[in-house]
Amino acid sequence: MRPIFIVMFFAVFGMMTSCVSKTKFDEMTSERDRLSQNLEETQSQLKTLGEEKDALESEYEEAKSKMEGQISSLESDVSSAKQEAESAMGMVKEKDEEISGLNNMIDGAFNAYESSGLMLEEVNDYIYLKTSEPVLFSSGSIRLGSDDRAVIDSLASILKNNSNLEVIVEGHTDDDSVIAGAAFRDNWDLSYRRADAVVRRLLQEGVDPGQLAAAARGQYKPLNEVQDTADAKAANRRVVFRIAPKMSDMYEASKK
């Protein structure tokens, strides 16, 4: 009996051992499969994160390159604007110097006239020489009277002694129309002939032709707008002397 019992004991023990080992094995296999799946998921996540990282780095480099390009462009624009500003400041300074030179030249011209005993008069933004007596004409005439010739001869002496002075001789008329058969076509022609008569008197007295010019004003620049009296008309039948500065000399002087 005893041997049989022993054999049966070991048989039952072997069966129990076999059952325990298989259960453990299955658990370990299941755990291995789970870990393997977790590993695959983790590796997939690592790959995705790596791809996202590469994409972000690429975007960063692209944005960095673009930003550097914009910064470079802005720096170039700032540099150009600075150069333009410096150039503009230089031009403004140069113009200021030119204007200052022109003002000095004009002042010098005015002083030359004043030192010569002539009065200066500003009329409608023009500067005129005011002689001791006005040069006037009879109605429809270009003839210079003795008093007129004396005034013109005095002016001639001043111009000859101041070669830098130039004048435009302006002829004027009253508002009466030229009568039919007269030697003049109209008041334009009459006013020019008056200016021409004065210019020729100045030339006769030795004034340099380069200092003189003749201009016609007709009846359109009257001293007296209302010409309903003989005196008002007489005052408009005149010749006046407008300063004509030498712009080339003034410009050259402004640059010195």
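1. Lys233 is buried, with a relative accessible area of 16%, in what should be read throughout as a predicted model. This lysine forms a salt bridge with Asp176, the closest N and O atoms being 2.9 Å apart. Because Lys233 belongs to helix 4 and Asp176 to the loop between strand 4 and helix 3, the pair ties together parts that are 57 residues apart in sequence. Asp176, for its part, is partly exposed at 33% relative accessible area.

2. A salt bridge also joins Arg237 and Asp174, with 2.9 Å between the closest N and O atoms. Here too distant parts of the chain are linked, since Arg237 sits in the loop between helix 4 (230–236) and strand 6, while Asp174 sits in the loop between strand 4 (167–171) and helix 3 (187–204), 63 residues apart. Arg237 counts as buried at 12% relative accessibility, and Asp174 is buried at 4%.

3. Within helix 1 (residues 2–115), Glu57 and Lys53 lie 4 residues apart, about one turn of the helix, and form a salt bridge whose closest N and O atoms are 2.7 Å apart. Glu57 is partly exposed at 38%, as is Lys53 at 46%.

4. The salt bridges come to 12 by count, and Asp153, Arg201 and Glu205 are linked in a network of them.

5. The largest pocket has a volume of about 580 Å³. Of its 25 lining residues, Glu121, Val123, Leu223, Arg238 and Val240 are the closest to the centre. Strand 1 (119–123), strand 2 (126–130), strand 3 (135–136) and strand 6 (238–243) are the elements that each give two or more residues to this lining, which by class has 13 nonpolar, 4 polar and 8 charged residues.

Conventions
Residues are numbered from 1 along each chain as its sequence is written. This is a predicted model: local features need pLDDT of at least 70, side-chain atom pairs count only at pLDDT 80 or more; totals for chains, interfaces and linings use all residues. Side-chain values use heavy atoms; hydrogens and water are left out. On a 1 Å grid over the protein atoms alone, a cavity is a set of points where a 1.4 Å probe fits but cannot get out, and a pocket is an open set with protein on both sides within 12 Å along at least five of seven lines; lining residues have an atom within 4 Å of a point. Grid points are joined across faces, edges and corners, and a volume is the space filled by probe spheres set on the points. Ala, Val, Leu, Ile, Met, Phe, Trp, Tyr, Cys and Pro count as nonpolar, Asp, Glu, Lys and Arg as charged, and the others, Gly among them, as polar. A salt bridge is a side-chain nitrogen of Lys or Arg within 4 Å of a carboxyl oxygen of Asp or Glu. Buried means under 20% relative accessible area, exposed over 50%, partly exposed in between (1.4 Å probe, protein chains only).
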